[in-house]
Amino acid sequence: MIFAALFAPDGSPIAGNLRHIPAGLVADGEVHSVSLTSTAKHSINQPILAAARRLTDGKMLVFGRGIRVLTSLENIVEHALMLGAIPAIGLVMAAGLWLSRQAQWRIKAVNQSIERIMEGDVHERLPVEHIADDFDHLANGVNRMLAEIESLLAEVQGVGDNIAHDLRTPLARVRALLERGRDKAKTKEDLIAVTDRAIVGLDQAQSIITALLRIGEIESGQRRSGFGDVDLIEMVQEAGELYGPMAEAKQIRFAVQSDPTPLVHGDRDLLIEAIANLLDNAIKFTPSGGAVSFEVMGGAEGPVIRISDTGPGIPPEERAAVMRRFYRIDKSRHIHGSGLGLSIVLAIIKLHDFDIIVGDAQPGCSFELRCYATPRSEIEPVRIRTLKRLMPPITRWIRHRGDETDLGERKGRPVTPGQAD
Amino acid sequence: MNFDGNTNTPVVNEDISEHLFPTSRARILLIEDDPEIAEEVTNELVDRAYVVEHVATGPQGGEEARRGRYDLLIIDLLLPGCDGFSIIQDLRRDGIQMPVLVVSALGAVNDRVRGLKVGGDDYVTKPFALPELVARVEALLRRPLDTRATTLRVGPLELDLIERVAKREGRTIELSKSEFKLLEYFMRRPDRVVTRDMLLEDVWHYRFLPQTNLVDVHIGRLRRKIDGPNEEPLLLSVRGMGFYFREPN
């Protein structure tokens with residue numbers, strides 16, 4: 001409500017909707033908060049904001065505005081807040097409390113699972129609520145990693161057993177040799193002959209350990225630091241020059257052929273090591289009068305290095321198994337070696353993200369090393385780093401379990417030619 | 001002298017140490033914490049007339065290396081109290097230049113590279129064969145003949161480093177690339193035992209050991225070229241050790 005009035009110098013109203021000058025209103029032109037008791041028509045009591053000024057002829061002009069609406073608005077807002085906001089805050093706090101409790105409970109459950117895993121229960125998995133939230137995504141990811149670790153562990157254990165077995169054989173032989181030598185040797189020469197044979201046995205045991213360490217080193221993924229552009233043609237020439245004389249000494253025809261191929265991204269030293277192992281095998285298993293061919297050619301996806309021989313070959317059902325550590329085809333048991341050459345090759349191939357394919361050379365066996373000009377994924381090293389962080393508890397676990405468990409028949413490394421993973 | 005079945009390389013069986021290890025009486029400091037290995041190494045080296053001082057801990061070793069006048073240091077990388085890397089580093093920083101042979105169970109390439117980087121001159125991985133260690137000690141004590149001549153001459157054999165052909169008493173011997181490298185390596189180290197590992201590392205630059213008798217095959221081929229049927233053999237095998245190129249008296 002707006003008030004405006006003009007008063008005579010004696011205070012009597014001349015015009016406007018006010019009957020009196022509001023009590024306490026000073027005519028200084030400033031706004032004052034005063035109380036109004038009546039208007040021109042009604043007797044009321046309400047607070048107003050008013051300003052007054054005395055005109056030059058002594059009359060007084062008053063303007064004012066009621067502020068009751070504002071006060072009531074203030075009251076309404078206050079009430080609304082009391083009714084709405086406080087319960088809402090309460091609700092929010094309760095919800096928050098509940099949610100954080102929920103999260104805490106899940107973290108606790110996860111922690112308990114982790115505790116159990118740390119204590120050595122590799123079959124334990126993180127709990128999944130199947131509500132597809134972030135927790136579930138995380139838990140699923142970790143569970144996949146745990147599954148991978150579990151299978152690696154089983155593999156490590158299987159390998160451990162194989163190591164024990166393959167080391168025990170030469171060591172037992174050496175021991176028997178030395179024992180017999182001590183008791184039976186009649187001359188110094190006898191003793192020297194026995195010692196020489198014992199040293200050969202120990203050397204073989206040592207070559208197994210060296211090869212295993214080498215595989216571990218390659219698999220740890222650190223060797224990616226040695227990656228660069230590799231000229232396969234030049235490399236094949238060099239390996240050919242290295243192994244040519246060996247084939248010749250065994251009366252094996254040795255043909256090296258190289259087609260122009262692009263550079264590949266890899267570690268030259270490791271690739272040569274892989275090729276040397278394959279050539280080693282090819283020459284070792286090919287009888288005199290046979291042939292070994294060694295070629296590099298361009299393939300659809302990248303260069304292919306192919307090594308084939310006219311040896312006994314590898315039966316199709318054993319092709320996946322030859323990459324397994326220590327695997328020996330029965331026919332080759334008598335041939336000397338650590339039995340780990342192909343495992344080293346496989347480790348190198350995996351590091352490079354290349355493929356190796358075991359085939360039939362009719363007769364004989366062929367190994368195809370398929371290189372890819374650019375690496376197909378860079379995920380591998382990250383995964384390996386994660387695994388490396390997890391290795392100390394795992395090795396503790398192995399030490400802890402190693403003596404008491406025997407998993408019996410284990411499935412081997414799930415390697416099939418072409419999907420070496 | 002008889003013949004090795006594999007390679008037809010003459011094998012030396014008589015005691016050749018006097019002939020092959022003329023740097024004997026060199027003073028060697030051995031820093032090794034394993035008492036048994038230390039004893040074996042010491043005995044082997046003393047048998048070959050080296051003077052060996054053995055200390056078992058790193059700090060003692062560092063002190064002794066500074067105090068005594070040694071021609072060679074053999075050091076284990078994994079020592080109680082401190083690691084071998086830092087000892088070598090400290091010695092090199094203090095300007096001590098004696099050759100260092102690093103011995104370690106750490107066979108990984110990175111450790112090997114690190115060992116050589118901090119100032120080691122050669123690296124042997126445990127477990128090692130004693131002859132391997134001795135051959136490397138000898139190699140370090142006698143650096144290869146570093147001649148700027150374009151022709152190497154040892155006894156009746158001449159190697160033209162530019163034309164890459166060898167000559168023996170007027171007979172010209174054509175060599176393949178790897179045969180040339182191999183022969184050059186031997187002729188720069190006459191009368192010194194060279195092991196298979198050393199050849200693989202230094203001639204072919206391989207850090208891995210082929211499982212077959214690869215080195216022997218190459219040596220056999222080279223020998224058939226340089227040693228004619230009625231000539232005195234120059235390239236000899238030393239049983240259990242490796243090979244050496246003999247300089248006739």
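Predicted model: local features only at pLDDT ≥ 70, side-chain atom pairs only at ≥ 80, totals over all residues.
**Conventions.** I number residues from 1 along each chain as its sequence is written, and chains are lettered from A in the order in which they are written. Local features need pLDDT of at least 70 and side-chain atom pairs count only at pLDDT 80 or more, while totals for chains, interfaces and linings use all residues.

**Chain A.** I looked up the secondary structure and found seven helices and 12 strands (DSSP runs, H or I of at least four residues for helices, E of at least two for strands, numbered from the N terminus). Of the 421 residues, 24% are buried (20 or more other C-beta atoms within 10 Å of the residue's own, with C-beta atoms placed from the backbone). I also checked contacts (C-beta atoms, placed from the backbone, within 7 Å). Among those with a separation of 6 or more, 61% join residues 24 or more positions apart.

**Y243(A).** I placed Y243(A) in helix α4, residues 232–249 of chain A. Y243(A) has 27 other C-beta atoms within 10 Å, so it is buried. Beyond its neighbours within four places in sequence, Y243(A) contacts F254(A), L279(A) and I283(A). I283(A) is 40 residues away in sequence, and the C-alpha to C-alpha distance is 8.6 Å.

**α7(B) and α9(B).** I looked up the packing of helix α7 (residues 177–187) against helix α9 (residues 214–226) in chain B: the angle is about 85 degrees and the axes are 10 Å apart (axes are lines fitted to C-alpha atoms over the stretch in contact, and angles run from 0 to 180 degrees between N-to-C directions). The two helices are therefore roughly perpendicular (65 to 115 degrees). S178(B), E179(B), L182(B) and L183(B) of α7(B) meet H218(B), R221(B), L222(B) and K225(B) of α9(B).

Methods: Parallel < 35°, antiparallel > 145°, perpendicular 65-115°, else oblique. Contact = placed C-beta atoms within 7 Å. Buried ≥ 20, exposed ≤ 12 C-beta atoms within 10 Å, placed from the backbone.
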